[in-house]
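Visitor: I would like to learn how to read the helices of a model. Could you walk me through it?
Guide: Gladly; let us look together.

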Amino acid sequence: MIFVSVGSMLPFDRLVRAVDAWAGAHPETPVLAQIGRGKFEPVHARFVRLMPPDEYGRIVAGAELFIAHAGMGSIITAIEAGKPLLMLPRLQSLGEHNTDHQLATVRNVGDRPGLHHVDSDAELGAAIDRLLATGSAAPAPIARYASDELLDNVRAFIAGKA
């Protein structure tokens, strides 16, 4: 099963529409999308508007592939669940967010094992096909707490020594 999430704050119809088109061409693969307040309602994929956090976590944990915007909550959820994540960043120019910070996010985390991204919705279907055919590694786990080195650097910065 593929699980798609647009996050909980903003609609992301471009992502939902692209995955729904893929689902229409691949009816053998179940797709569930959490679409939030989006205007586009999938025709081929099952969808919900929102789901409780515990159910959301269970769905991600059971998914073969997790597809989402490039929000940090989605990235952390994928890492914690050990599920490959395919990201499509929201674009300010399309009115999907008020900045292009998600482009910076995918530049910084998008090449780590298990974390993948595409630059456009036109690339999404091929990326889904490739990831399902080859299987993707689970994202590398992250430490629960900041390293001592990071904490020392933050302390030095606050103290004006960095």
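Visitor: Which residues on the other side of α3 are exposed?
Guide: Exposed means over 50% relative accessible area, buried under 20%, and partly exposed in between (1.4 Å probe, protein chains only). Here G73 and E80 are exposed. This is a predicted model, where local features need pLDDT of at least 70, side-chain atom pairs count only at pLDDT 80 or more, and totals for chains, interfaces and linings use all residues. Residues are numbered from 1 along each chain as its sequence is written, and side-chain values use heavy atoms, leaving out hydrogens and water.

Visitor: And which residues in α3 are buried?
Guide: Helices are DSSP runs (H or I, at least four residues), as are strands (E, at least two), numbered from the N terminus. In α3, residues 72-81, the buried ones are S74, I75, A78 and I79. They lie on the same side of α3 because they cover an arc of only 130 degrees around the axis; the arc is that of the directions from the helix axis to the C-beta atoms.

Visitor: What covers the buried residues of α3?
Guide: Contact means heavy atoms within 4.5 Å. The cover includes α2 (53-62), β4 (65-68), β5 (85-87), α4 (101-109) and β6 (115-117).

Visitor: Which are the buried residues of α2?
Guide: They are Y56, I59 and V60. These fall within an arc of 100 degrees seen down the axis of α2, so they line one face of the helix. D54, R58 and G62 are exposed on the face turned away from that buried side.
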